[in-house]
Amino acid sequence: MSDYVERFRTSERILHWVVTCSFFTLLLTGLGLFSKLFHGYFGLFGGGQNAIMIHKISGVIFFFSSLYMFFNHKKDVSSFDDGDWVWIRKYGGYLTRYGNHFDIGKYNPGQKMFAVFIAAATVALGVTGLFIWFPAFFPRWIVQLSLLFHSLMFIGSIMFVVVHVYLATIGNPGTIEAMLYGDVRKLWARKHHPKWYKEMTGENR
Ligand code: HEM
């Protein structure tokens, strides 16, 4: 009997890495637009004009792929059950030295909040990005507010993504296998997502 259980199909993994690549391209091309301090990053893209063009293209790719990813797993991230509320009351067990066992489905509440935040940020960044892209078509105050809001959402997204990458890699060993190979160890699934494990295999332990 296999020690692994499938967590993500190939298409889901490709979608996640398209979102990730476009996100980091947006970050690198956007930093120079955010502050003069980061103008050096334009060099990576052959100058400011190229960086702006690549920012726009990757912005469109990120917008559609990120929203598609959200609607793909909307069912799993858009509601909390009893096990989730226990997780929230105990801060996911992160603030105690003793092991906590929570009855968690495919995603824990932290992951759900992250997924919903990224979807909301995608819409906010996309809409404000359009106002900034075509300033001649909109009143000046809308473009000015968009610049502010675009920067704030960008800072918020970076903070969430840094935490996400940490928890998905060294924070929780074994998690990255889900996005690299599609399968996770049964041991990992029983520990982090016991309710999902039971749904997938019919086994309790
Ligand atoms: C190098 C960067 C990244 C790594 C290593 C990474 C890794 C992962 C892994 C391993 C999972 C599966 C977690 C599980 O099975 O429980 C995951 C899920 C997910 N990732 Fe990423 N990711 C990265 C970047 C991003 C970025 C940039 C975004 C969006 C802007 C993103 C959005 C998501 C979402 C929404 C999920 C599903 C919910 C969740 O697990 O939190 N990821 N990621």
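**Note on helix packing and the ligand shell**

1. Helix 5 and helix 6 pack with their axes 9 Å apart, at an angle of about 150°. Helix 5 is therefore roughly antiparallel to helix 6. Angles under 35 degrees count as roughly parallel, over 145 as roughly antiparallel, 65 to 115 as roughly perpendicular, and the rest as oblique. Axes are lines fitted to C-alpha atoms, for helices over the stretch in contact, and the angles run from 0 to 180 degrees between N-to-C directions.

2. This is a predicted model: local features need pLDDT of at least 70, side-chain atom pairs count only at pLDDT 80 or more, and totals for chains, interfaces and linings use all residues. Residue numbers start from 1 along each chain as its sequence is written.

3. The chain has nine helices and two strands, arranged along the sequence as β-α-α-α-α-α-α-α-β-α-α. Helices (H or I, at least four residues) and strands (E, at least two) are DSSP runs numbered from the N terminus. Along the principal axes, the C-alpha atoms fill a box of roughly 60 × 30 × 30 Å.

4. Of the 205 residues, 20% count as buried. Buried means that 20 or more other C-beta atoms lie within 10 Å of the residue's own, exposed means 12 or fewer, and partly exposed is in between, with C-beta atoms placed from the backbone. Among contacts with a separation of 6 or more, 64% join residues 24 or more positions apart. Two residues are in contact if their C-beta atoms, placed from the backbone, lie within 7 Å.

5. Helix 5 crosses helix 6 in a left-handed sense. A crossing is left-handed if the near helix is turned anticlockwise from the far one by less than a right angle, and right-handed if clockwise. The helix 5 side of the contact includes F114, F117, I118 and F131, and the helix 6 side includes I142, V143, S146 and H164. The residues of this contact divide into 15 nonpolar, seven polar and no charged. Here Ala, Val, Leu, Ile, Met, Phe, Trp, Tyr, Cys and Pro count as nonpolar, Asp, Glu, Lys and Arg as charged, and the others, Gly among them, as polar.

6. F131 lies in helix 5 and counts as partly exposed because it has 19 C-beta neighbours inside 10 Å. Leaving aside neighbours within four places in sequence, F131 is in contact with F138, I142, V143 and S146. Its C-alpha is 9.2 Å from that of Q144, which is 13 residues away in sequence.

7. The axes of helix 2 (residues 48-72) and helix 5 come within 10 Å and cross at roughly 150°. Helix 2 is therefore roughly antiparallel to helix 5. This crossing of helix 2 and helix 5 is left-handed. Helix 2 contributes K56, G59, F62, F63, S66, L67 and F70, while helix 5 contributes A115, I118, A119, T122, G126, G129 and W133. By class, the contact of helix 2 with helix 5 has eight nonpolar, five polar and one charged residues.

8. N108 sits in the loop between helix 4 (82-89) and helix 5. N108 counts as buried because it has 20 C-beta neighbours inside 10 Å. Not counting residues up to four places away in sequence, N108 touches W87 and G92. N108 and H192 are 84 residues apart in sequence and 8.3 Å apart C-alpha to C-alpha.

9. The ligand is surrounded by 19 residues, the closest being F23, Q111, A168, A178 and M179. A residue is near a molecule or strand if its C-beta atom, placed from the backbone, lies within 6 Å of it. Helix 1 (10-34), helix 5 (109-133), helix 6 (140-168) and helix 7 (176-181) each supply at least two residues of the shell. By class, the shell has twelve nonpolar, six polar and one charged residues.
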